[in-house]
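Here is a short briefing on charged side chains that pair up. Take a look at the model, then read on.

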Amino acid sequence: MNIKFIVSGIEQMADSDDYAVDEKTILGEGVMSTVYAGTMGDKKIAVKRHITVEGEGISQSFLREVACLRALAEAEESHVIRLLAVRYDGAKQEFAMEWAEMSLDVIARQGKPADPVVARMVAGQLLAAIEQ
């Protein structure tokens with residue numbers, strides 16, 4: 001893994017940080033990060049903020065995730081959420097990505113069978129992504 005290249009890529013994307021994070025609207029939480037709703041211009045976005053420890057610098061998991069999202073964006077795969085911007089200022093490590101109206105997590109938490117139309121749509125998208 002070429003960390004220097006990834007860090008320089010993050011610096012290049014830092015100019016596109018014209019987005020706002022709504023810290024009151026948490027979309028998801030994990031051990032290493034929290035996902036918030038946000039806006040970029042008039043578009044809804046999701047912002048994933050990695051949990052940081054002061055003085056530890058940029059985390060390897062953050063670098064790996066940004067590198068993967070950038071690589072997928074270059075592949076122009078229509079079934080993958082796009083990376084829109086990256087911010088890193090020492091204390092904050094976060095990136096903005098496209099908004100998705102539906103996710104497998106939401107469908108799974110419904111506790112009832114998914115609407116057949118939605119199930120076919122999700123299954124089709126999964127199969128298309130696997131075929132790539």
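**Salt bridges in a predicted model**

R87 is partly exposed, at 22% relative accessibility (buried means under 20% relative accessible area, exposed over 50%, partly exposed in between, with a 1.4 Å probe and protein chains only). This is a predicted model: local features need pLDDT of at least 70, side-chain atom pairs count only at pLDDT 80 or more, and totals for chains, interfaces and linings use all residues. Residues are numbered from 1 along each chain as its sequence is written, and side-chain values use heavy atoms, leaving out hydrogens and water.

**The count**
- The model has four salt bridges (a side-chain nitrogen of Lys or Arg within 4 Å of a carboxyl oxygen of Asp or Glu).

**R87 and its network**
- R87 forms a salt bridge with E94, with the closest N and O atoms 3.2 Å apart.
- E94 is buried, at 0% relative accessible area.
- Shared partners join E23, R49, R87 and E94 into one network of salt bridges.

**E23 with R49**
- A salt bridge joins the side chains of E23 and R49 (2.8 Å, N to O).
- E23 is in strand 1 (residues 20–29) and R49 is in strand 3 (residues 43–50), 26 residues apart. Helices (H or I, at least four residues) and strands (E, at least two) are DSSP runs, numbered from the N terminus.
- E23 is partly exposed at 47%, whereas R49 is buried at 14%.

**E65 with K48**
- E65 and K48 meet through their side chains in a salt bridge (2.6 Å, N to O).
- E65 lies in helix 2 (residues 60–74) and K48 in strand 3, so the pair ties together parts 17 residues apart in sequence.
- E65 is partly exposed at 23%, and K48 is buried at 16%.
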